[in-house]
Amino acid sequence: MSSDVIISFQNVSKSYRMYKKPNDRLKQMLWGSRKQYYEDFWAIKDISFDVKKGETYGLIGRNGSGKSTTLQILAGTLTPTTGKIEIKGKIAALLELGSGFNPEFTGKENVLLNAAIWGLSKKEIEERYEEIVAFAEIGDFIDQPVKTYSSGMYVRLAFAVAVHTEPDILIVDEALSVGDAMFQHKCMAKIKKMVSKGVTLFFVSHSPEAVRSLCTKAIWLENGSIRSVDDAVKISNSYLNEIYLENNRIVSSDQQSNEFEGSAPSTTSFIENTSALDIDKMDVLDVRSIQLLNQYEQFTESLEQNEPFTIKVQIYANADFPNLSVGMLLRDQYGIELTGESTFNKFQRSFSVKKNSLITISFKSIMLLRGGESYSINLRLNQVSKWDRSDNIHIYNDETAYVFKVIANLKDPMWFKFKQDFEVDIDVR
Ligand SMILES: Nc1ncnc2c1ncn2[C@@H]1O[C@H](COP(=O)(O)OP(=O)(O)OP(=O)(O)O)[C@@H](O)[C@H]1O
């Protein structure tokens, strides 16, 4: 394989023996040399693709299309029937629950054991243990046997270990959906950070939105074969389109083309990315709280669709601070940046604060996002004065400063991510 290819699948297939009757299995054992009592079922057939270092691939497809099989073969937990796989680098796989941890051991024992299996030295394990435990946030359960864990606690710890082993390739499947909303948001942010540092990602999901958010390329599996490999936005749009068409949710016949092109979610938001935070300035500004208020100005963790709300941020200045901008981004549970606002963006200028002042910023709007899902608020503080943001300095970034739910309104279901009010005219002549 060429030097920049890190994962190579060459004509990989996996078959299982399917017996029509239970005792055919026994017959096969006894008289199999004379007659075949099973049929081959191909879970995946002739799968070939190459992934280059640093690429992010999503695997998408219906139930039973072969996603888990492909992933397990990639992770080395399943051997293919035919074909060849080549992998360069260290893999960390977060696959289905139940794999990896010994249920009788405590969380701590499992962390130490797993980290050693992942190839970390004793010193590295000692250095990272606290970080892993802090990321997992399972409290005193770390000293309890893993068999006493809820599935959410289990996946928290498994994810924390996997991402702290510094893999070259990270394989993640839907196991993450077991975690609660707060943890999912945290995981998505962590995965994005790893990807930005050059980790190769292989991500499986039923959700095209999640794939689009995390991956640049995608493989669409259908009945065990590759239907197409392309840009993640294209594939997820085609896939979504097909599902919508099947579910008869698209009314207009002229929308029934096989592909409807969409534009990639913007990766450059008005609040520039936060690669370099200025640590010293973070001491000056103390973010005291971020709260979500409902239409009655009460604190809340859930909003109704179409409900007026306020995001209230309080910051204390320990010293004079010039040219401040406070911004927030709303992300969905897959990490897609949906919308946002900043004081600099709104007023086209920053503001300065005096020592010992308490700054309260309120972002007020109406909740137009789809119910039944959770969202997170990413809070960012910047120091900036020039209109073109050329002197912009990032001083604070909390990826998941607040997580909240929007309650679905069954009387007013939404097919789309957010509701836009349209004036509609009908003219019949
Ligand atoms: N151990 C097995 N024995 C027999 N058939 C299997 C086995 N494992 C998987 N299969 C079959 O192989 C096909 C592909 O399964 P796979 O789990 O890879 O699909 P998937 O795309 O991950 O599905 P899902 O989205 O439901 O998780 C399915 O038809 C499944 O029934």
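Helices (H or I, at least four residues) and strands (E, at least two) are DSSP runs, numbered from the N terminus. Residues are numbered from 1 along each chain as its sequence is written. The model is predicted: local features need pLDDT of at least 70, side-chain atom pairs count only at pLDDT 80 or more, and totals for chains, interfaces and linings use all residues.

**The ligand shell**

A residue is near a molecule or strand if its C-beta atom, placed from the backbone, lies within 6 Å of it. The residues around the ligand include Tyr16, Phe41, Asn63, Lys67 and Thr69. Strand S2 (38-52) and helix H2 (67-75) each supply at least two residues of this shell, and H2 gives the largest share, three residues.

**The sheet**

Two strands pair if DSSP finds at least two bridges between them. Six strands form an open sheet of mixed pairing, in the order S5-S6-S7-S3-S8-S9. Its edge strands, S5 and S9, each pair on one side only. Within the sheet, S6 and S7 pair in the parallel sense over four bridges, and Val172 stands opposite Phe203 in S7.

| Strand | Residues |
|---|---|
| S5, edge strand | 91-94 |
| S9, edge strand | 225-231 |
| S6 | 169-172 |
| S7 | 200-204 |

**Contacts of Ala218**

Two residues are in contact if their C-beta atoms, placed from the backbone, lie within 7 Å. Not counting residues up to four places away in sequence, Ala218 touches Tyr57, Gly58, Ile60, Val211, Asp230, Ala232, Ile235 and Ser236.
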